[in-house]
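I opened my notebook today to look around a new protein chain. Here is what I looked up, entry by entry.

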Amino acid sequence: ITFEQKGKSQTHSVNFRAEKDKALWISATFSIIRAMITPEKVSFYNKLDNTYFDGDYKYLSDLLGTELDFQKVQNLLLGEALYNLKASDYTSAVDEESYIIQPKEQRALFEIFFLSFNPLKA
């Protein structure tokens with residue numbers, strides 16, 4: 001994980017464990033950073049700046065600038081879609097040799113585009 005803030009960056013190797021739909025655990029080498037995420041709460045401890053948090057998803061939502069819950073965080077960490085892509089209507093278009101598929105209604109803060117580059121060539 002690489003963390004960047006105010007022009008400074010830190011990189012840490014982490015262990016990630018998950019019990020799907022129940023809990024997510026993240027810990028950095030020597031337990032410098034530890035986090036536990038459950039459907040009910042978010043908890044983390046950062047030894048680097050001696051901070052601790054135990055609360056709801058509002059902190060993460062404010063930090064990342066979008067509404068988050070356990071399912072969205074879990075999907076993000078597991079590489080799955082944040083939103084149910086089957087729950088929306090989409091428009092499609094062809095741009096040169098690419099298909100452009102996008103939701104008819106864009107979500108706030110997100111412009112979700114799905115591109116298939118050069119679909120006619122294998």
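Before anything else, I noted how elements are named: helices (H or I, at least four residues) and strands (E, at least two) are DSSP runs, numbered from the N terminus. This is a predicted model, in which local features need pLDDT of at least 70 and side-chain atom pairs count only at pLDDT 80 or more, while totals for chains, interfaces and linings use all residues. Residues are numbered from 1 along each chain as its sequence is written, and side-chain values use heavy atoms, with hydrogens and water left out.

**Entry 1: the overview**

I listed the elements and found 2 helices and 10 strands in the protein chain. Along the sequence they come as β-β-β-β-β-β-β-α-α-β-β-β. Next I checked burial, where buried means under 20% relative accessible area, exposed over 50%, and partly exposed in between (1.4 Å probe, protein chains only). Of the 122 residues, 21% count as buried. I also looked up the accessible surface, computed by the Shrake-Rupley method with a 1.4 Å probe, and for residues only the protein chains shown count as cover. The total for the protein chain is about 9400 Å², and 53% of that belongs to carbon and sulfur atoms.

**Entry 2**

Strand β1 (residues 2-5) pairs with strand β2 (residues 8-11) in the antiparallel sense, over 4 bridges. Within this pair, E4 stands opposite S9 in β2. Which residue sits in the loop between β1 and β2? I found K6 there. K6 has a positive phi of about 50 degrees although it is not a glycine. K6 is also exposed, with a relative accessible area of 79%.

**Entry 2: the five-stranded sheet**

I then followed an open sheet of 5 strands, in the order β3-β4-β5-β6-β7, with antiparallel pairing. β3 (14-19) and β7 (51-55) stand at the edges with a single partner strand each, so one side of each is left without a neighbour in the sheet. On average, neighbouring strands here are turned by 5 degrees against each other, direction ignored; the axes behind such angles are lines fitted to C-alpha atoms, for helices over the stretch in contact, and angles run from 0 to 180 degrees between N-to-C directions.

I zoomed in on β5 (residues 33-37) and β6 (residues 42-46), which run antiparallel and are joined by 5 bridges. M36 has S43 in β6 as its bridge partner. In the loop between β4 and β5 I found S31, whose phi is near 55 degrees, a positive value in a residue other than glycine.

W25 lies in strand β4 and counts as partly exposed at 26% relative accessibility. I looked up its contacts, meaning heavy atoms within 4.5 Å. Not counting residues up to four places away in sequence, W25 touches several residues, including N15, F16, A35 and M36.

**Entry 3: a helix and a buried lysine**

I saw that α2 lies across β3, β4 (23-28) and β5, running at about 50 degrees to β4. K72 belongs to this helix, α2 (residues 70-78). A salt bridge is a side-chain nitrogen of Lys or Arg within 4 Å of a carboxyl oxygen of Asp or Glu.

**Entry 4: the salt bridges**

My search of the whole structure gave 4 salt bridges. K20 forms one with E80, with the closest N and O atoms 3.8 Å apart. This pair links distant parts of the chain, as K20 is in the loop between β3 and β4 and E80 in the loop between α2 and β8, 60 residues apart. Another joins D62 and K58 at 2.9 Å, N to O. Both lie in helix α1 (residues 58-64), 4 residues apart, about one turn of the helix.

**Entry 6**

Last, I looked at β8 (residues 90-95) and β9 (residues 98-103), antiparallel strands joined by 6 bridges. They form a hairpin with 2 residues between them, and E96 in the turn has a positive phi of about 55 degrees.

Notes
Pairing = 2+ DSSP bridges.
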